[in-house]
Amino acid sequence: MYEIIKDMWTTNDIPGLGGKTALVTGANTGIGYEIGKALYKAGADVTLAGRNAGNLEAAAAQIRTEVNGNGTLATGILNLGNLGQIQRFAENFKAENTKLDILIHNAGVMIPPPSLTDDGYELQFGVNFIGHFALTAHLFPLLKEAPEGRVVTLSSGAATLVSTIDFDNLKLEKPYEEWTAYAVSKLADILFAYELNRRVQAKRLNIISTAAHPGVTRTSLQRHIPHDVLDGMLAQYPEIMEPWQGALPALFAATDRTVSGGKFYGPDGDKEYAGYPALSKHSTPAMNDASLAAKLWDYAERVTTLKFNF
């Protein structure tokens, strides 16, 4: 049986977030849009981050028409596939904010054609993990300034599909298998979330790092899957969630007072395809391998030349 957090937890259960600062990546559409909207409605000062200024401004305008927020809503250009641009975004964010209460790593890439980030990493690994690692490192001083900083990293049940990370194949050195590469990037996200929590706990910092996954939610993340193939895949699932519901596990992890660090949250339904927030049962030896997590952390520090000031 799943450990139910609260029967049918929804955005109505989000506590007031007045005075809190939040940053959501990939926030102009899909789950990220719904996360940003819910945080803004609850009173947070929210920054929607993404690659396209026009899309971000349109998303912010739409949110303002849909909900009345007591906080503020801003946008910021963020390309997670370019370490230099991540640094510039972070510098601008730090110039405008004195703390960061909620950081949600939502942006992602799923099974694209073989391609590299601007810094030479396989696109899914580079965006889904390396980019978010770098962003967190840059913004970590602001997380430390918050009364209770929270970092939520979006992963996937796909993290259970691989048993390790091939550190000699993170730049397309070997033949490309898109689903394996996606699973590796999502395993890296879980390992990062858990390792960050271990490190902040060791230093007794008032920061919580968790992971979440949305279940089966149809969004633009699946844009690289041909429509006929995608329709056939989704037809196998008993229920397909709308983005607002797929956003709930991440929103729960980011806001609920009962959340513990180093946990993984997802939907409570059959196979975690759909439902309301609960502790996930997705778990493998690789996901819980502290030595693999430490190796990944050391790798990320080396290639980004960034270290966290714990």
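Predicted model: local features only at pLDDT ≥ 70, side-chain atom pairs only at ≥ 80, totals over all residues.

Where does Glu-272 lie? I found Glu-272 in the loop between strand S7 (264–267) and strand S8 (277–279).

**Entry 1: positive phi**

I looked up Glu-272 because its phi is positive, about 60°, although the residue is not a glycine. Is Glu-272 buried or exposed? Its relative accessibility is 2%, and the cut-off for buried is under 20%, so I logged Glu-272 as buried.

Thr-305 went on the list too: it is not a glycine either, and its phi is positive at about 60°. I located Thr-305 in the segment after helix H9 (290–304). Thr-305 has a relative accessible area of 67%, and exposed means over 50%, so I logged this one as exposed.

**Entry 2: the sheet**

Next I traced the strand order. I read 8 strands in an open sheet, ordered S3-S2-S1-S4-S5-S6-S7-S8, with mixed pairing. Which strands stand at the edges? They are strand S3 (73–77) and S8; each has a single partner strand, so one side of each has no neighbour in the sheet. I also noted the twist, which averages 25° from one strand to the next.

Then I checked one pair in detail. Strand S4 (residues 102–105) runs parallel to S5, and I have 4 bridges down for the two.

H3 lies across strand S1 (21–25), strand S2 (45–50) and S3, and runs at about 160° to S1.

**Entry 3: Val-151**

Last stop was Val-151, a residue of strand S5 (residues 149–154). Its relative accessible area is 1%, so with the cut-off at under 20% I put Val-151 down as buried. Which residues does Val-151 touch, leaving out those up to four places away in sequence? I got Leu-103, His-105, Leu-143, Leu-196, Ile-208, Ser-209 and Thr-210. I also took a C-alpha distance: Val-151 and Asn-197 are 46 residues apart along the chain, and their C-alpha atoms are separated by 9.1 Å.

Technical notes: Residues numbered from 1 in each chain as written. Heavy atoms only, no water. Buried < 20%, exposed > 50% of the residue type's maximum accessible area, 1.4 Å probe, protein only. Contact = heavy atoms within 4.5 Å. Pairing = 2+ DSSP bridges. Axes fitted to C-alpha atoms, helices over the stretch in contact; angles between N-to-C directions.
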